[in-house]
Structure formats: structure tokens, C-alpha cells
Amino acid sequence: SHTVVERASSLALDIDAERLLRRIEELGRIGADPATGGITRTGFSAADREARAYLMDEARAAGLFPAVDAAGNIVVRRRHTGQHTADRQVLMMGSHLDTVVDGGRLDGAYGVLAALEVLQTLVESGVGLRHEPVAVAFANEEGALFPQPFWGSMAAAGRITDLPEEPCDHQGRPLRNALRLAGGDLDALGSACWPEQSVAAYLELHVEQGPVLERSGSRIGVVEAITGRIVLTLEIQGAAGHSGTTPMDARCDALGAAARVVLAAEHIARQRKLCRVATVGRLDPYPNTPNTIAGAVRMTVDLRDTDVWRAGDAEETLRAMLHDIAEATGTRIEVVAETRSDPVFTDPRLRETIVRSADELGLPHEKLPSGAGHDAQFMAGITPIGMIFVPSIGGVSHVPQENTAPEDLAAGARVLLRTALRTAGP
Ligand code: HGY
Ligand code: MN
Ligand code: MN
Ligand code: MN
């Protein structure tokens with residue numbers, strides 16, 4: 001029948017791999033530090049704004065229509081449309097453009113550029129689809145500068161509920177201004193939420209950021225679940241003092257307490273195995289000078305597990321240990337902020353569609369969980385999600401050395417295209 005012919009020919013569609021790789025290269029120059037080879041494009045920073053402008057320029061040059069929602073998410077569509085409305089459901093593809101400090105060029109950016117590539121391929125082909133394909137760059141996924149990670153996808157899924165009155169970065173700069181510079185509007189956040197039933201599915205392509213695929217030789221990963229994550233921001237209050245004159249038994253050393261917290265977090269995951277991983281990634285002692293005892297420390301503890309109960313147990317144990325550490329060191333330890341993302345499962349039908357697409361392309365694949373968090377886990381609150389991984393060379397990410405072979409980058413985008421075609425029609 002007509003439908004069968006149309007479907008067969010649409011599956012012969014291909015992405016333009018050279019165009020995709022060129023864009024990855026060009027975007028990878030924005031926020032690059034020649035000294036480390038890494039990229040610093042923290043969410044809503046000047047470099048992030050430059051990356052956002054790059055994406056929008058590329059989209060416009062491709063004849064597409066980028067728009068920025070109140071949360072600062074960039075939504076690219078085939079024609080100019082009223083914000084987040086559609087006469088039919090959308091098939092959303094995307095990831096994030098922001099990075100950690102001194103990170104790599106692929107975490108997030110790859111998924112956004114592949115989504116743009118697939119959207120452009122679909123639109124240029126003129127293939128008829130049941131759902132409208134859209135490409136999205138979610139704002140501030142990493143939370144490296146402004147502390148709410150997954151900011152954009154949380155807003156898109158209507159999950160930002162208890163915002164502080166005036167959210168600020170860790171240097172006290174207000175989010176309100178930074179968001180406005182990016183084209184968003186803190187007072188209209190609710191409008192960034194996609195109405196119920198408006199999104200048919202969300203697909204995210206991402207680098208694995210770990211060693212599983214490289215070790216097994218699989219070229220495609222089919223994500224089964226995304227790990228849950230609890231991030232506690234702690235403030236330790238001690239007493240500053242002269243490092244030469246204050247006797248050891250008269251100290252309330254905030255950094256000494258912080259060191260015990262670092263070891264406690266490690267102990268919880270490594271020895272007691274209460275959760276899969278635990279990390280103190282940020283430690284800001286004050287005044288951070290050689291001959292003054294630290295009077296205060298601000299730090300983060302990041303706990304992760306795919307089992308929400310285990311993560312909760314680990315948190316409870318950590319909090320008990322914080323209490324003991326405060327007592328033993330004469331300091332006060334306070335949890336001043338916490339962010340949580342529950343573990344989520346990907347949609348079984350989308351998983352099978354990804355498997356089938358990889359099979360047709362002759363790409364060896366395997367199912368695996370994601371230890372990293374992704375925007376997909378918040379989109380899962382409003383729509384079925386599918387996630388595709390490609391191998392990370394050396395299994396590393398959040399470092400300048402993060403890399404993936406060009407043929408794997410192209411292969412991942414091809415799987416995304418096929419999965420999109422199968423999910424959105426014709
Ligand atoms: O840290 C994470 O899991 C993610 O890369 N933001
Ligand atoms: Mn990341
Ligand atoms: Mn990412
Ligand atoms: Mn002195």
C-alpha cells in the first residue's frame with residue numbers, strides 16, 4: 001500500500017554526518033580554554049549565551065524557527081508557532097548546551113546538535129509525520145553556576161515548584177538577570193511547561209560518559225534506567241583563627257570537619273555500599289589562606305543510586321554522620337540546599353524501537369543503566385522517554401579529554417533519526 005512504500009522510502013533517509021561533525025567542532029570552540037583543552041560554558045554564563053546564539057543561528061540558516069521559553073530553553077521548530085502549542089503532538093528530541101567547569105565538548109551539546117540534524121533532515125525530506133518533530137536545548141542542566149541542575153527540563157515538565165524568592169549563583173548573582181539575558185523570564189516560568197498530552201515522546205542521544213560500551217565493543221547503548229541523585233549543599237561554621245597561635249585543643253576548624261565529611265561520603269558508598277557512588281565535588285573554605293584556620297566551608301555531597309530507597313538510606317546515614325562530625329569538631333553543620341531527582345525508567349517500546357533501528361544499521365548494541373543524570377529524567381514525568389548512548393573513549397566525561405569517535409557520533413544520530421521516524425510516523 002501507499003503507507004508501506006512511504007515508510008520504506010523514509011527509512012532510506014540519512015543524516016548529513018559532515019554537517020553534524022562540523023557543528024560539533026564549531027560549538028566546541030565556544031568556551032574553550034586553550035590552556036586545558038577543556039570547555040567552560042556554565043549555564044547562563046556569557047559563553048553559554050554565545051553557544052545558544054550559535055545554535056539559533058544554525059537553526060535559522062537551516063530554515064528552521066528557534067524560540068526561547070521563559071526558562072531559557074531553546075525550542076527549534078519547523079515553522080513559527082505560538083509557544084508550546086501544537087495542532088498535533090510533538091516528538092521532542094534534545095539535551096543541553098551548558099557544561100561543567102573545564103568539561104568536554106560532547107556532554108549535552110552532541111544530543112542537541114544531533115536533534116537539530118535529525119529535525120533538519122526530516123524537514124528537508126518533506127516526509128509526512130504524525131507528530132511534529134522539535135529539537136530542544138534545555139537550559140542549565142549541569143547546575144554548575146546556578147545551583148538548580150536540570151533547570152530547563154524541570155520547568156518544561158512543570159517540576160519547578162519551591163523556588164527561593166531570589167535564586168542566586170554561589171557568588172550571589174541573581175538568576176533573574178542571567179535568565180533575562182538568555183531570553184527567559186523568571187516571572188513567567190509556568191509558561192515553559194508543556195501542556196499535558198502535548199508531547200508524544202522525548203528522545204535524548206548522549207555520550208555514555210562511562211566505560212561500558214567501549215569495554216564490550218557495543219556501538220550503541222539502549223538506556224534502561226537513569227540513576228537517581230541527591231545533592232546536598234552544606235555550610236560548616238567553625239571559628240577562624242591564627243594558624244600559629246591557636247592551640248590544637250582550642251580550635252573549631254571548619255576545614256577539618258569538611259575533611260571528615262569527604263571521608264564519610266566516601267565511606268558510605270565504598271565501604272558500606274549504601275549507594276552506588278558518593279562525591280564531594282565542591283569545597284569552598286573561607287578565607288582559604290595558608291595561615292588562618294578555616295572559619296567556614298561550603299561544600300556539596302552528591303549521592304546516586306538507581307534505587308530511590310537506597311539513595312534515601314545513604315542520605316539518612318550521611319546526615320547522622322554530619323551530626324557526629326559537628327559534635328566531634330565543635331562546628332555547626334547545616335544543609336542549606338538540596339536537590340533531588342528520582343531514578344526513572346525509559347519506555348520499553350521506545351527501547352525496542354532503538355534496538356530495531358540499531359539492528360537495521362548493523363550496529364552492535366546493549367542495554368545499560370545511566371549513572372549520569374539527564375534532562376530525560378524530568379521529561380519522563382510528562383511523556384515516555386527513550387535514551388541512546390554512544391561510546392566514550394576511555395570512558396571519561398566532565399573532563400577535557402571527553403571524546404567519541406566521529407563514526408560513533410554519526411551512528412548515534414542515525415539511530416536517533418530512525419527511532420524518530422518510527423515513533424513519529426508516517
Ligand atoms: O551530573 C550529571 O549527572 C549530569 O551530567 N548533569
Ligand atoms: Mn554532564
Ligand atoms: Mn549531559
Ligand atoms: Mn600576623
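Residues are numbered from 1 along each chain as its sequence is written, while chains are lettered from A and ligands numbered from 1 in the order in which they are written. Since the model is predicted, local features need pLDDT of at least 70 and side-chain atom pairs count only at pLDDT 80 or more, whereas totals for chains, interfaces and linings use all residues.

An unreviewed UniProt entry lists Asp-107, Glu-142 and His-398 under "binding site". These three span 292 residues in sequence, yet no two of their C-alpha atoms are more than 10.1 Å apart, so they gather at one spot. A "binding site" annotation in UniProt, again from an unreviewed entry, covers His-96, Asp-107 and His-206. This set is spread over 111 residues of sequence but clusters in space, with a largest C-alpha distance of 9.9 Å. UniProt positions are given here in the numbering of the model, with feature names shortened, and such annotations may be inferred rather than shown by experiment.

Asp-107 counts as buried because it has 26 C-beta neighbours inside 10 Å. The classification calls a residue buried if 20 or more other C-beta atoms lie within 10 Å of its own, exposed if 12 or fewer, and partly exposed in between, with C-beta atoms placed from the backbone. Leaving aside neighbours within four places in sequence, Asp-107 is in contact with Thr-99, Val-207, Gln-209, Ser-397, His-398 and Glu-402, where contact requires that the C-beta atoms, placed from the backbone, lie within 7 Å.

His-398 is found in the loop between β16 (385–390) and α12 (406–424). With 18 C-beta neighbours inside 10 Å, His-398 counts as partly exposed. Its contacts, with neighbours up to four places away in sequence left aside, are Val-100, Gly-103 and Asp-107. His-206, by comparison, belongs to strand β5 (residues 199–207) and counts as buried because it has 27 C-beta neighbours inside 10 Å. Beyond four places in sequence, His-206 touches Ser-95, Tyr-110, Gly-111, His-374, Met-387 and Phe-389.

Of the 17 residues of α4, 14 are buried, so the helix is largely enclosed by the rest of the structure. After α4 comes Gly-126, whose phi is positive, near 75°.

Strand β6 (residues 220–226) is mostly covered, five of its seven residues being buried. Two strands pair if DSSP finds at least two bridges between them. β6 runs parallel to strand β15 (residues 365–370), joined by five bridges, and Ile-226 stands opposite Ser-370 in β15. With β16 the arrangement is antiparallel over two bridges, and Gly-221 has Phe-389 as its bridge partner there. Strand β14 (residues 344–345) also pairs with β6 in the antiparallel sense, over two bridges, with Ala-225 opposite Phe-345.

Another position lies in helix α9 (residues 308–329), namely Leu-322. With 22 C-beta neighbours inside 10 Å, Leu-322 counts as buried. Leu-322 touches Val-261 and Ile-333, residues up to four places away in sequence not being counted. Ala-258 is 64 residues from Leu-322 in sequence and 9.6 Å away in space, C-alpha to C-alpha.

The final topic is the ligand. Ligand 1 is surrounded by Glu-141, Glu-142, Pro-149, Ala-372 and Gly-373, a residue being near a molecule or strand if its C-beta atom, placed from the backbone, lies within 6 Å of it. This shell divides into two nonpolar, one polar and two charged residues; Ala, Val, Leu, Ile, Met, Phe, Trp, Tyr, Cys and Pro count as nonpolar, Asp, Glu, Lys and Arg as charged, and the others, Gly among them, as polar.

How values were computed: Helix = DSSP H or I, 4+ residues; strand = E, 2+ residues; numbered from the N terminus. Contact = placed C-beta atoms within 7 Å.
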